[in-house]
Amino acid sequence: MFNLFGSNNTAQAGSIERGHYQFDDERHQQIAEQVLDCYRQAEAQLQRTFPRPEIQFTLRGKSAGTAHLQLNLLRFNATLLFENHQTFIDQVVPHEICHLLAYRLYGKVKPHGKEWQALMIEIYQLEPATTHTLNTESVAGKTFDYLCDCGSIPLSVRRHNKVIRGETQYRCRRCKQALKRA
């Protein structure tokens with residue numbers, strides 16, 4: 001899946017006319033082609049051109065993709081892409097592109113606000129879902145068990161460290177009891 005020795009995990013399109021990305025991995029290349037197709041569709045619908053974003057496959061964790069607005073950058077999770085290729089083509093790529101389009105069209109707006117939602121519906125005819133429903137077991141990080149009256153609740157490394165540093169205390173959503181380390 002990953003080529004640790006000189007893998008091409010980043011590409012930037014040259015001119016809009018050329019608009020071509022080159023990746024070593026076939027699935028990465030297919031995502032890049034989908035990015036181009038989505039931009040062509042948006043440009044036809046909105047009757048204007050947009051600069052093509054840089055694309056990276058370096059995102060880690062449970063996020064499928066992120067759009068970095070000021071950098072005009074799309075980052076995708078290569079592991080989740082490998083496991084959910086068609087969902088990335090159909091949903092994740094248009095979702096992230098709509099963030100970049102909303103920023104270009106309206107400036108700084110709420111990430112999943114009415115502008116973003118309208119673009120999802122009007123350009124791509126997609127339900128404007130704010131989060132994905134992909135199985136993230138393969139990318140889930142280590143957890144630490146905490147207890148309440150309801151039983152055991154796993155906390156992420158980040159949340160566990162905040163508890164250890166005394167920065168916060170978490171409560172069970174059901175019984176409202178403060179969580180204690182198991």
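Is K176 buried or exposed, and what is its relative accessible area?

Modeller: First, the ground rules. Residues are numbered from 1 along each chain as its sequence is written, and this is a predicted model, in which local features need pLDDT of at least 70, side-chain atom pairs count only at pLDDT 80 or more, and totals for chains, interfaces and linings use all residues. Side-chain values use heavy atoms, with hydrogens and water left out.

K176 is exposed, at a relative accessible area of 54%. The cut-offs are these: buried is under 20% relative accessible area, exposed is over 50%, and partly exposed is in between (1.4 Å probe, protein chains only). K176 sits in the loop between helix 5 (157–164) and strand 7 (180–181). Helices (H or I, at least four residues) and strands (E, at least two) are DSSP runs, numbered from the N terminus.

Now the backbone. K176 is not a glycine, yet its phi is positive, about 65°. Most residues other than glycine have a negative phi. N72 is also not a glycine and has a positive phi, of about 50°. N72 belongs to the loop between strand 3 and strand 4 (73–76).

Contact here means heavy atoms within 4.5 Å. Setting aside neighbours within four places in sequence, R104 contacts R48, F50, P51 and N72. R104 is part of helix 3 (residues 85–106). Its relative accessible area is 37%, so R104 is partly exposed. R104 and F50 are 54 residues apart along the chain, and their C-alpha atoms are separated by 7.9 Å.

Next, the aromatic rings. Rings of Phe, Tyr and Trp (its six-membered ring) pair if their centres lie within 6.5 Å; planes under 30 degrees apart count as stacked, over 60 as edge-to-face and the rest as tilted. That rule gives three aromatic pairs. In one of them, F23 with F57, the ring centres are 5.1 Å apart and the planes meet at 85°, so this pair is edge-to-face. It joins distant parts of the chain, 34 residues apart. F23 is in the loop between strand 1 (10–12) and helix 1 (26–46), while F57 is in the loop between strand 2 (54–56) and strand 3 (65–68). F23 is buried, with a relative accessible area of 5%. F57 is buried too, at 3%. Ring pairs tie F23, F57, F76 and F88 into a cluster.
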